[in-house]
Amino acid sequence: MPYETVIGLEVHAELQTRSKMFCACPVVDSTRAEPNTAVCPVCAGMPGTLPVVNRKAVELALRVALALECEIAPLSLFARKNYFYPDLPKGYQISQYEYPLAQRGVLRIETARGEKTVRIRRVHLEEDTGKLIHMQDPDGQSFSLVDLNRAGVPLLEIVSEPDMHSLEEVRAYATTLRAILRRVGANSGDMEKGVIRFEANVSLRPSGSQTLGTRVEIKNLNSFRAMERAIAYEIERQTDLLQNGQAVQQETLGWDEAAQVTVSQRSKEEAHDYRYFPEPDLPPLVIEPEWIEQVRANLPELPQAMKKRFIHNYGLSAGEAVLLSEEEAVARYFEACLEQAGDSIAPRTIALWITGEIFGWLNQSGEKFENLRVPPAGLVDLLRLTAKGIINLNTAKLVLNEMLASGKPAHAIIEERGLIQLDDAGQIADIVAKVLAEFPREVASYHQGKTTVFNWLLGQVMRQTAGRASPAVARAELERQLAGSKGN
Ligand SMILES: Nc1ncnc2c1ncn2[C@@H]1O[C@H](COP(=O)(O)OP(=O)(O)OP(=O)(O)O)[C@@H](O)[C@H]1O
Ligand SMILES: [Mg+2]
């Protein structure tokens with residue numbers, strides 16, 4: 001029987017505030033700072049301390065919730081989620097439960113079959129836990145160290161409805177959400193630093209069925225790759241079970257990165273009872289309508305709106321528009337190029353040079369877009385020289401690569417290396433004649449019908465001119481001389 005995959009995601013994103021969610025401790029880079037240097041009695045869970053809500057965290061949460069088109073609750077409540085773990089000094093996490101900050105939003109994603117809407121169930125505020133570092137002493141005894149720098153850092157949880165049905169959709173959802181989080185300034189998007197974490201809920205059901213199957217929840221997925229692998233593994237495992245007439249058990253799983261398998265953490269029977277109750281030390285979170293409108297008015301243009309504008313105004317394909325709108329730095333660069341170019345170069349041409357040549361070079365060199373050494377005016381200059389026929393297309397690619405590597409402007413490279421396009425018909429005719437004389441056998445096989453030899457001969461002509469010949473002139477001249485040499 002064919003099955004349909006059903007996936008819902010819970011995304012935890014740290015909010016980029018200077019101080020923690022409920023105290024004045026600084027938020028530090030947990031991959032760099034000395035352990036336990038950003039801790040105070042509040043986030044260390046000392047008795048008698050009182051939490052105070054970080055207004056900036058609420059504002060960033062509102063920015064995300066509005067970007068996801070959620071309804072904002074005029075009044076939401078903080079609750080205590082009680083459980084014991086060494087990275088949770090209070091013995092409970094302050095979160096939101098029955099009355100979250102925002103609900104009922106949407107995230108629109110781009111898939112091979114067009115745009116799709118994934119519904120957002122809720123967006124709520126909570127605090128992060130500390131970190132455990134597991135170690136072994138020389139005798140092989142294992143022990144764990146606790147770092148509370150991260151305890152109390154503001155976290156936003158974004159929960160989707162179970163609306164995704166493939167890895168492609170999950171990938172699009174996760175990358176689009178990350179792009180929005182970055183664009184509104186809520187999160188850096190630095191996955192290596194663990195500032196975004198995923199939990200994936202996965203179930204199967206017979207194709208065509210409308211009821212949900214039994215789900216598993218995979219916790220603590222720290223990268224897109226781990227998330228995709230874990231979901232793929234679960235789809236396969238559950239398909240096998242169902243095809244063999246067995247049932248899927250509802251349970252919480254972890255992802256074992258080394259073994260590339262999901263492992264059971266707890267089953268439904270032993271499911272945690274967190275005994276949520278309203279946080280007595282915090283008043284209800286009241287959001288005035290004026291604040292919502294102010295935050296809404298200050299939202300930047302979001303990646304999806306930008307994507308649509310690029311398609312509509314500049315005639316880009318959906319794929320090109322996504323590539324140019326996802327990263328703010330890239331989008332700004334593209335638009336700066338357009339401004340520099342005016343009417344002299346088509347927007348699509350600029351788009352293709354950025355997504356093709358520049359992205360290709362960045363991929364190969366491992367450089368970051370932010371450190372690009374070719375300013376928008378530099379790229380536009382190069383494209384103008386190409387449009388005017390001063391250099392040909394292949395030369396332009398070579399020049400751009402050198403510009404990217406050295407930061408030199410196009411004209412300096414062209415002058416230094418004598419790359420100006422050769423379009424003197426007489427000079428090119430001489431070179432074509434020389435090539436035809438040098439390769440009589442190839443010319444003969446061309447005349448016998450092996451037309452692919454034409455491009456090879458053209459390649460020889462280009463080589464003789466170190467790639468500088470105008471391809472159009474060279475092509476025309478080669479055609480002319482070959483026609484003339486027929487029957488010789
Ligand atoms: N049958 C299902 N298959 C796939 N995903 C599901 C299914 N049912 C629910 N989900 C997804 O699971 C996620 C969380 O569901 P739910 O609201 O039940 O929270 P929970 O996992 O029980 O709570 P918590 O994670 O806080 O302990 C949502 O993203 C939802 O879309
Ligand atoms: Mg869950």
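The chain has 15 helices and 16 strands. Its radius of gyration is 30 Å, while the globule rule gives 23 Å for 488 residues, so the chain is more spread out than a compact globule. Along the principal axes, the C-alpha atoms fill a box of roughly 100 × 55 × 55 Å. Of the 488 residues, 35% count as buried.

The model is predicted. The chain has a mean pLDDT of 93, and 98% of its residues reach 70 or more. For the complex, the predictor gives an ipTM of 0.95 and a pTM of 0.83. Where pLDDT is low, predicted coordinates should not be read in detail.

Three strands form an open sheet in the order E5-E4-E15, and their pairing is antiparallel. Strands E5 (92-95) and E15 (277-278) are the edge strands, each pairing on one side only. Between E4, which covers residues 79-82, and E5 there are four bridges in the antiparallel sense. In this pairing, Lys 81 stands opposite Gln 93 of E5. In general, the strands of a sheet pair through backbone hydrogen bonds, either parallel or antiparallel.

**The ligand and its surroundings**

Which residues are the closest to ligand 1? They are Gly 8, Asn 201, Ser 203, Leu 212 and Arg 215, out of 16 residues that surround the ligand. By type, the shell around ligand 1 divides into seven nonpolar, five polar and four charged residues.

Strand E1 gives the most to the shell, with five residues.

**An annotated span**

An unreviewed UniProt entry places the feature "domain: Asn/Gln amidotransferase" at residues 332-482. In the model, that span is 72% helix and 0% strand. The C-alpha atoms at the ends of residues 332-482 lie 49 Å apart.

Notes: Residues are numbered from 1 along each chain as its sequence is written. Chains are lettered from A and ligands numbered from 1 in the order in which they are written. This is a predicted model: local features need pLDDT of at least 70, side-chain atom pairs count only at pLDDT 80 or more; totals for chains, interfaces and linings use all residues. A residue is near a molecule or strand if its C-beta atom, placed from the backbone, lies within 6 Å of it. Helices (H or I, at least four residues) and strands (E, at least two) are DSSP runs, numbered from the N terminus. Ala, Val, Leu, Ile, Met, Phe, Trp, Tyr, Cys and Pro count as nonpolar, Asp, Glu, Lys and Arg as charged, and the others, Gly among them, as polar. UniProt positions are given in the numbering used here, feature names are shortened, and annotations may be inferred rather than shown by experiment. pLDDT is the predictor's confidence in each residue, from 0 to 100. Two strands pair if DSSP finds at least two bridges between them. The radius of gyration is taken over C-alpha atoms; the globule rule is 2.2 Å times the number of residues to the power 0.38. A residue is buried if 20 or more other C-beta atoms lie within 10 Å of its own, exposed if 12 or fewer, and partly exposed in between; C-beta atoms are placed from the backbone.
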